[in-house]
Amino acid sequence: MTIATVRGVRDILPEESPAWRLLEESARQIFTAYGYREIRTPIFERTELFARAVGATSDIVEKEMYTFADRGGESISLRPEGTAAVVRAFIENNLHRSLPWAVYYMGPMFRYERPQKGRYRQFHQMGCELFGAPGPLADAEMMAMVLRLLRQLRIDDSLTLEINSLGCKQCRAPYREQLLTFLQGQQAHLCANCRDRLQRNPLRILDCKNEECRAIARQAPMMKDHLCAGCADHFEGLQGLLGGMALPYTVNPLMVRGLDYYNRTAFEVTTTALGAQNAVAAGGRYDGLVAEMGGQTVPAIGFAMGMERLALLLEGKQAESSRRQGYYLLTVGEAATEQGVLLAEQWRNAGLAVQMDWLGGSMKAQLRRADRAAALQVLILGEQELAEQTVLLKNMQDGEQRRLAWDQLVATSGLLP
Ligand code: HAM
């Protein structure tokens, strides 16, 4: 009997790896250029960290975490997202003296969600967090950075930048009451899930996907019409900056985000190319979180993008793995194989990328494998070459062949296409 992967998780096979490397390398380059440095936090943390940061009433904490007691009896959870751990690391390492502090991360996250296209139980995020910058300039610049990355990857054609303001503690509390009153009047028409979370988290009802709930949400009072003066200024400032940067955006007053730590700016980049799981990047401001988690009051903003979704958008766009490169050594006969191993090491010592055929067999079979390995040059070592101390060189792109002495290969390699 064979053993399959757990539902909702998948392998990234060698054929897909070039796309993933492209994502990681492009992100590193752009995040670094904007002043972010890499942080690597643990894959698991105390459950309490996520309960407090992401929110005890959020779907993530209520229903989706991989939580277990370790052998010492401590409740541990696999990280469902990256922000909570970055905030913990910031506080734990006393970094409020190093503001502004800007970090990026990439890696696996875990949520027990219903798997579907673009939604997995182990998935990967690349994200950034910026601490210490309170103004809308930071928000606009972060969105510009996300869009630049997507543009560089050439997957910006079906995308929309959506923004909203979620207000702050002061203006959200009275708004929440108004919303609750309105929704209570509509209770009979809400889906079971929304009725259930009406008291605990009424804002989440605004972005329920159920058609009837959506119709009600469109009639509901909107946060953006109930902002205090400070929040309204911030939101207006942001829109002015996005306009100035010529970044197209739409205001989506129903976007509330599934994590409780946000205030003021929330944003998402959505695509029409992936079906229901349409957010490729999402984030927002969380000015209160550091203090809530036991640190000082430090404004902060961040986002994360789903790498599986980016990889799906990249599919078919890049023919990057079709570029041939390197040498592939194939040998015919036992003596040639033994000599070939030594020669391959010498050529590698001199800096050439030489892959050796591991299986041997007929020349035809070995050439087929060289082709599949996308080698640019095939080196053939048979009985005749062994006797002459030469190697037959075949260019896999144009089929041209030439014979070289063993010690000529390195000198010639710089001149070869
Ligand atoms: P999030 O909206 O929960 O935000 O996730 C961010 C992105 O991760 C989503 O837009 C999506 O692309 C991807 N994603 C989420 N869940 C899955 C899944 N099950 N399968 C595949 N992709 C998924 C956060 O996680 C926040 N920590 C973002 C943030 C950082 N806010 C401030 N700083």
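Cys168 turns out to be buried, with a relative accessible area of 12% (buried means under 20%, exposed over 50% and partly exposed in between, using a 1.4 Å probe and protein chains only). The model here is predicted, so to speak of local features takes a pLDDT of at least 70, side-chain atom pairs count only at pLDDT 80 or more, and totals for chains, interfaces and linings use all residues. Residues are numbered from 1 along each chain as its sequence is written, and side-chain values use heavy atoms, with hydrogens and water left out.

What about disulfides, meaning pairs of cysteine sulfur atoms within 2.5 Å? The whole structure holds 0 of them. For Cys168, the nearest cysteine sulfur belongs to Cys231 and sits 3.5 Å away. Cys213 is in no disulfide either, with the sulfur of Cys191 nearest at 3.7 Å. Cys213 counts as buried too, at 0% relative accessibility.

Gln346 is part of helix α12, residues 334–349 (helices are DSSP runs of H or I, at least four residues, numbered from the N terminus). This glutamine is partly exposed, at 48% relative accessible area. Its C-alpha atom is 53 Å from that of Thr160, 186 residues apart along the chain.

Now for the open space. Among the 13 nonpolar, 5 polar and 10 charged residues lining the second largest pocket, α6 (169–185) supplies the largest share, 4 residues. Here Ala, Val, Leu, Ile, Met, Phe, Trp, Tyr, Cys and Pro count as nonpolar, Asp, Glu, Lys and Arg as charged, and the others, Gly among them, as polar.

Methods. Helix = DSSP H or I, 4+ residues; strand = E, 2+ residues; numbered from the N terminus. Disulfide = S-S within 2.5 Å.
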